[in-house]
Amino acid sequence: MQLEAWETFDVFTLARLTDGRPLQTVALALLRKRGLVARLGLPEERLRSFLGDVESAYHEHNPYHNSLHAADVTQVRGAGDGRAGRRWGWWWLQQSRGSGG
């Protein structure tokens, strides 16, 4: 399953493969892929715990605004960032480090 292939990414399969933790999985994978875990010195176990808490706060019985929807939106956003680079989401990190244009 390719994280940045928004056209073929299947969030339902990911939810099954991750025992109902698609948001935690997608968010952590994108933060790693963008190098933000390392660059910001984020302790990965604490980050994983935080993302798990965020995911648990979603009401699973809400048919739309649930962690599955959040994971899907996060993945689509990450896929867009992967193709567009600075134009989209992570440019602020480069700007704050003084390496953005």
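Here are some questions and answers about a predicted model of a protein chain.

Reader: Thanks! How do the axes of α2 and α4 lie: roughly parallel, roughly antiparallel, roughly perpendicular or oblique?

Author: Helix α2 covers residues 22-33, and its axis comes within 8 Å of that of α4, crossing at roughly 140°. Roughly antiparallel would need an angle over 145 degrees, and roughly perpendicular would need 65 to 115. The two helices are therefore oblique.

Reader: Which classes of residue make up the contact of α2 with α4, and how many of each are there?

Author: On the α2 side, the residues include Leu-23, Ala-27, Leu-28 and Arg-32. On the α4 side, among them are Glu-44, Leu-47, Leu-51 and Gly-52. By class, the contact has four charged, two polar and eight nonpolar residues.

Reader: Now a single residue. Is Asn-66 buried or exposed?

Author: Asn-66 sits in the loop between α4 (44-57) and α5 (67-84). Leaving aside residues up to four places away in sequence, Asn-66 touches Tyr-58 and His-59. Buried means under 20% relative accessible area. Asn-66 has 12%, so this residue is buried.

Reader: Is Glu-60 buried or exposed?

Author: Glu-60 also lies in the loop between α4 and α5. Its C-alpha atom is 9.8 Å from that of Gly-20, although the two residues are 40 apart along the chain. The cut-off for exposed is over 50%. Glu-60 reaches 66% relative accessibility, so the residue counts as exposed.

Reader: One last stop, at Asp-19. What is its phi, about?

Author: You will find Asp-19 in the loop between α1 (11-17) and α2. With a relative accessible area of 73%, Asp-19 is exposed. Asp-19 is not a glycine, yet its phi is positive, at about 55°.

Conventions: Residues are numbered from 1 along each chain as its sequence is written. This is a predicted model: local features need pLDDT of at least 70, side-chain atom pairs count only at pLDDT 80 or more; totals for chains, interfaces and linings use all residues. Side-chain values use heavy atoms; hydrogens and water are left out. Helices (H or I, at least four residues) and strands (E, at least two) are DSSP runs, numbered from the N terminus. Buried means under 20% relative accessible area, exposed over 50%, partly exposed in between (1.4 Å probe, protein chains only). Contact means heavy atoms within 4.5 Å. Axes are lines fitted to C-alpha atoms, for helices over the stretch in contact, and angles run from 0 to 180 degrees between N-to-C directions. Angles under 35 degrees count as roughly parallel, over 145 as roughly antiparallel, 65 to 115 as roughly perpendicular and the rest as oblique. Ala, Val, Leu, Ile, Met, Phe, Trp, Tyr, Cys and Pro count as nonpolar, Asp, Glu, Lys and Arg as charged, and the others, Gly among them, as polar.
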